[in-house]
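Please look over the sequence and the model before turning to the notes.

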Amino acid sequence: MKIKKLIDSFNYAIEGIIYTFKTEKNMKIHFAAAILVLILSLFYNFSKLEMIAIIVTISLVLMAEMINTAVETIVDLITDEYHVLAKIAKDIAAGAVLITALNAIFVAYLLFFNRLNPWTNILLTRLKNSPAHVTFITLIVVMIVTIILKAYFGKGTPLRGGLPSGHSAIAFCLATASTFISKNILLSTISFMMAFMVAQSRVEGNIHSTFQVIVGAIIGILITVLFFQIVK
């Protein structure tokens, strides 16, 4: 029962993210910007503190947008008439989003400006020596793409059912990444066998259809191959 409640809590939380993405144009922009920044970070040898700054900045922007949406929804629930206090509440929430967005621009300037000029092969060489970083960024992008597609098709719950299968996408993403990193046939075979077991369990548990699992697997594989080929 506790496990079920925990899963339900995760479902509700992710549903909140999906709702904000579906209803708020700015959230779509934030997601697109987040993916772009994460992809760009693949080409630079950021320190751990710099990566923490990027992740925290992205999180703050997304959180602020969600809080802004929550405030607007509550205000609209309470009254559908113009009220000065209602306007103030919405303006303050929007101001919070603006502050986090300006902060994101400032952080991006500090981290990327000097690195963007000049664009050299040295950056690619450094990236090739950081497979863990590539895998981490790829995994995040796979998760974001999965959420976007679930929001678009609007079926199932974030952690159960719907198109595509997030578990399948992540499993095949990690299996593909392990293949590129290890270049070992045995390890690659074992990784994909485990990914197939994850996918099969979703189908046998009547959580996903075969088609949904296949789509998830394709997404996980294609995005991972794309990212590792970019830095090849």
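Why does methionine 51 count as buried? Methionine 51 counts as buried because its relative accessibility is 11%, where buried means under 20% relative accessible area, exposed over 50% and partly exposed in between (1.4 Å probe, protein chains only). The model is predicted, so local features need pLDDT of at least 70 and side-chain atom pairs count only at pLDDT 80 or more, while totals for chains, interfaces and linings use all residues. Residues are numbered from 1 along each chain as its sequence is written, and side-chain values use heavy atoms, with hydrogens and water left out.

**Overall architecture**

- The chain holds 9 helices and 0 strands; helices (H or I, at least four residues) and strands (E, at least two) are DSSP runs, numbered from the N terminus.
- Of the 232 residues in the chain, 37% are buried.
- Among contacts with a separation of 6 or more, 76% join residues 24 or more positions apart; a contact means heavy atoms within 4.5 Å.
- The chain has an accessible surface of about 14000 Å², and carbon and sulfur atoms account for 72% of that area (Shrake-Rupley method with a 1.4 Å probe; for residues, only the protein chains shown count as cover).

**The largest nonpolar core**

- The largest nonpolar core contains 36 residues, and Phe46 and Ile137 have the most contacts inside it; such a core is a set of buried Ala, Val, Leu, Ile, Met, Phe, Trp, Tyr and Cys residues joined through side-chain atoms within 4.5 Å.
- Two or more residues of this core come from each of α1 (2-23), α2, α3, α4, α6 (131-153), α7 (166-182) and α9.
- Helix α6 gives the largest share of this core, 8 residues.

- Methionine 51 lies in helix α3 and touches Ser41, Phe46, His133 and Ile137, not counting residues up to four places away in sequence.
- Isoleucine 144, in helix α6, counts as buried because its relative accessibility is 11%.
- Leaving aside residues up to four places away in sequence, isoleucine 144 touches Phe31, Ile35 and Leu38.
- Isoleucine 144 and alanine 34 are 110 residues apart in sequence, yet 9.3 Å apart from C-alpha to C-alpha.
- Threonine 224, in helix α9 (residues 210-230), counts as buried because its relative accessibility is 0%.
- Threonine 224 touches Thr138, Cys173, Thr176 and Ala177, again not counting residues up to four places away in sequence.

**The second largest pocket**

- The second largest pocket has about 350 Å³ of space; grid points are joined across faces, edges and corners, and a volume is the space filled by probe spheres set on the points.
- A pocket is an open set of points on a 1 Å grid over the protein atoms alone, where a 1.4 Å probe fits, with protein on both sides within 12 Å along at least five of seven lines; lining residues have an atom within 4 Å of a point.
- Its lining has 17 residues, and Ala33, Val37, Val61, Ala104 and Ile105 lie nearest the centre.
- Helices α2 (25-41), α3 (48-78) and α4 (84-116) each supply at least two lining residues, and α4 gives the largest share, 7 residues.

**An exposed loop residue**

- Asparagine 206 is in the loop between α8 (185-204) and α9, and counts as exposed because its relative accessibility is 68%.
- Asparagine 206 has a positive phi, near 55°. Most residues other than glycine have a negative phi.
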